[in-house]
Amino acid sequence: MLYTKNRLELPLKRTGNDLNEDQETTLDTLKPGEKASITKVRVKGTARRKLMDMGMVAGTEIELVRNAPLGDPMDYNIKGYHLSIRKEEAKQIFITKL
C-alpha cells in the first residue's frame, strides 16, 4: 500500500482483459495477418541451422500469411519472402506480438 499525505492509495489490480502486449508466446499462436518479433529459436538439429540461414533469428519481424487447410504447414512472410514451416517447429520459436 502507498500512503500519501491525506489518503491511502492502493496499487492497481490487473484484470483478465488487461494483458501485457510484451508477453512471450510461440509462433504457432499467430493468426493470419498478425505480426511479431522473434525472440528465441529453440529448434534442434539441422532444421535449426536451416531456419537461421533463412533469417529466422532473434529480432526479425515475421507475419503469418496463411495456414494450410489442415493447419500444417504454416506460411510466414519473413524478410520479404514466404517461408512455410511445420507446426512442430513453429511451437519451438518464441515471439513477442507487435
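Read along the sequence, the protein chain runs β-β-β-β-α-β-β-β-α-β, which comes to two helices and eight strands. Helices (H or I, at least four residues) and strands (E, at least two) are DSSP runs, numbered from the N terminus. The model is predicted: local features need a pLDDT of at least 70 and side-chain atom pairs count only at pLDDT 80 or more, whereas totals for chains, interfaces and linings use all residues. Residues are numbered from 1 along each chain as its sequence is written, and side-chain values use heavy atoms, with hydrogens and water left out.

**Confidence**

The pLDDT, the predictor's confidence in each residue on a scale from 0 to 100, averages 83 over the protein chain, and 78% of the residues score at least 70. Over residues 15-19 the pLDDT is below 50, and this stretch has one contact in the model beyond near neighbours in sequence. Where pLDDT is low, the predicted coordinates should not be read in detail.

**Surface and core**

The protein chain has 98 residues, of which 28% count as buried. Buried means under 20% relative accessible area, exposed means over 50%, and partly exposed lies in between (1.4 Å probe, protein chains only). The chain exposes about 7100 Å², and carbon and sulfur atoms supply 51% of that area. These accessible areas come from the Shrake-Rupley method with a 1.4 Å probe; for residues, only the protein chains shown count as cover.

Contact here means heavy atoms within 4.5 Å. Among contacts between residues at least 6 apart in sequence, 57% join residues at least 24 apart.

The largest nonpolar core holds 18 residues, and the members that touch the most others are Leu27, Ile38, Met56, Ile62, Tyr76, Ile85 and Ile93. The elements giving two or more residues to this core are β4 (35-41), β5 (61-67), β6 (74-78), β7 (81-85) and β8 (93-97). A nonpolar core is a set of buried Ala, Val, Leu, Ile, Met, Phe, Trp, Tyr and Cys residues joined through side-chain atoms within 4.5 Å. In soluble globular proteins, nonpolar side chains tend to be buried together.

Ile38 is one of these core residues. Neighbours within four places in sequence aside, Ile38 is in contact with Met56, Val57, Ala58, Gly59, Thr60, Ile62, Ile78, Ile93, Phe94 and Ile95.

**Residues in and around strand β6**

Asp75 is found in strand β6 and is buried, with a relative accessible area of 8%. The side chain of Asp75 makes a polar contact with the side chain of His82 at 3.2 Å. A polar contact is a pair of N or O atoms within 3.5 Å; within protein, one must be able to donate a hydrogen and the other to accept it, and residues adjacent in sequence count only if both atoms are side-chain atoms. Apart from neighbours within four places in sequence, Asp75 is in contact with Glu63, Leu64, Val65, Arg66, His82, Leu83 and Ser84.

Pro73 lies in the loop between β5 and β6 and is partly exposed at 38% relative accessibility. Not counting residues up to four places away in sequence, Pro73 touches Asn67, Ala68, Ser84, Ile85 and Arg86. Pro73 and Lys87 are 14 residues apart in sequence, with a C-alpha to C-alpha separation of 6.1 Å.

In the loop between β6 and β7 sits Lys79, which is exposed with a relative accessible area of 58%. Phi of Lys79 is near 55°, a positive value in a residue other than glycine.

**Salt bridges**

A search of the whole structure finds six salt bridges. A salt bridge is a side-chain nitrogen of Lys or Arg within 4 Å of a carboxyl oxygen of Asp or Glu. The table includes three of them.

| Pair | N to O distance |
|---|---|
| Lys40 and Glu24 | 3.3 Å |
| Glu61 and Lys35 | 3.9 Å |
| Arg86 and Glu89 | 3.9 Å |

Lys40 forms a salt bridge with Glu24. Lys40 lies in strand β4 and Glu24 in strand β3 (residues 24-26), so the pair ties together parts that are 16 residues apart in sequence. Lys40 is partly exposed at 31% relative accessible area, and Glu24 is partly exposed at 41%.

The side chains of Glu61 and Lys35 also meet in a salt bridge. Because Glu61 lies in strand β5 and Lys35 in strand β4, this pair ties together parts 26 residues apart in sequence. Glu61 is partly exposed, with a relative accessible area of 44%, and Lys35 is partly exposed, with 38%.

In the pair of Arg86 and Glu89, Glu89 is buried, with a relative accessible area of 17%.
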